[in-house]
Amino acid sequence: MKLLTNLAFWALALLFSQPALGQSAKDQAGLAALSAKQLEHTAAKEIFGAARIPANLKSRAIGSYAKGCLSGAMEMPDDGTAWQVMRTSRNRNWGHPALVKLVERLAREAKANDGWNGLMVGDIAQPRGGPMLTGHASHQIGLDADVWLNPMPDRKLTQKERDDISAVSVVKDRKSLDYKVWTEAHARLIRRAASYPEVARIFVHPPIKAELCKWAKGDRSWLAKVRPYFNHTYHFHIRMKCPAGYAGCKNQAPAAPKDGTGCGEEMAYWMGEVPWKKPKRDPKAKPLKPAPALTLAALPAECRAVVTAP
Ligand SMILES: [Zn+2]
């Protein structure tokens, strides 16, 4: 038992020995000095946010999209034949190899067939997945990827540009698109992503789905996977199904809107006022406490091995 604890400590010290971007050395040293017991009670986002390299284990998406981790991650190269990774300093361009290959395939096929000049790839996951210090609740198991709704420029962007350039929204307001930005190539790109059988869901801002509902001809079944959701005005989110062969990866129930596309009742709901209303609260009620941060103990047990692996 003593030996095991020592081993875990040694592995952790190694894992956290590289300086992390955006985190002070004090935090790093503090994390590395935590005992196994303390580790259980440290916010998982602190632990996973500090990992700089992937866990050298079999490639596995462990747990569920918003509660899990990733082993054997593959890095999406900063540049490819039809993509550029944005926000490279965040070190969130790690995914399950199946997801990285899927995004690369989408990039190539959209460039070849859809009039889309390559992908600008946003956040995928951290090197060992898990919760993040900022942003996303999901993106934890390496099967989620954000892709900008702006075509890639013809030149190679500098590191500084990749961190500084802002994406341009395709949305005018919560009900309508900005047709100065939106093009039919956007629609073809999203249709292609949703048509891959490996893809479980695509998240877009509601007026984007409304546009796709009007636009789609012929086979409209892919529309079922395109889900309207808040805050997807300048990027769309690709969520892949669990790759076969590992039972510890938990799929969501497939998107199955009643009308087969989600263009009827669901779209009417999103075009209405209800989803956008702030919930009413009794002014005399106690202020709401934020939900406590996930600890390592709240994640699947396999994630402990992912934290301590070399
Ligand atoms: Zn996302």
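Reader: Which handedness does the crossing of H5 and H7 have?
Author: Happy to start there, with the note that this is a predicted model. The two helices in question are H5, residues 97–113, and H7, residues 184–195. Their crossing is right-handed.

Reader: How many residues of the contact of H5 with H7 are charged?
Author: On the H5 side we find Leu-106, Glu-109 and Ala-110, which meet Leu-189, Arg-192 and Ala-193 of H7. The contact has 4 nonpolar residues and no polar ones. Glu and Arg count as charged, and the number of charged residues is 2.

Reader: What distance separates the end C-alpha atoms of H7?
Author: H7 has 12 residues, and at 1.5 Å a residue they should span 16 Å.

Reader: What covers the buried residues of H7?
Author: The buried residues of H7 are His-186, Leu-189, Ile-190, Arg-191, Ala-193 and Ala-194. Their cover includes helices H5 and H8 (206–215). It also includes three strands: E8 (199–204), E9 (226–228) and E10 (235–240).

Reader: What percentage of the protein chain's residues count as buried?
Author: Stepping back, the protein chain has 10 helices and 10 strands. Of its 310 residues, the buried share is 37%.

Terms used
Residues are numbered from 1 along each chain as its sequence is written. This is a predicted model: local features need pLDDT of at least 70, side-chain atom pairs count only at pLDDT 80 or more; totals for chains, interfaces and linings use all residues. Helices (H or I, at least four residues) and strands (E, at least two) are DSSP runs, numbered from the N terminus. A residue is buried if 20 or more other C-beta atoms lie within 10 Å of its own, exposed if 12 or fewer, and partly exposed in between; C-beta atoms are placed from the backbone. Axes are lines fitted to C-alpha atoms, for helices over the stretch in contact, and angles run from 0 to 180 degrees between N-to-C directions. A crossing is left-handed if the near helix is turned anticlockwise from the far one by less than a right angle, and right-handed if clockwise. Two residues are in contact if their C-beta atoms, placed from the backbone, lie within 7 Å. The expected span of a helix is 1.5 Å times one less than its number of residues.
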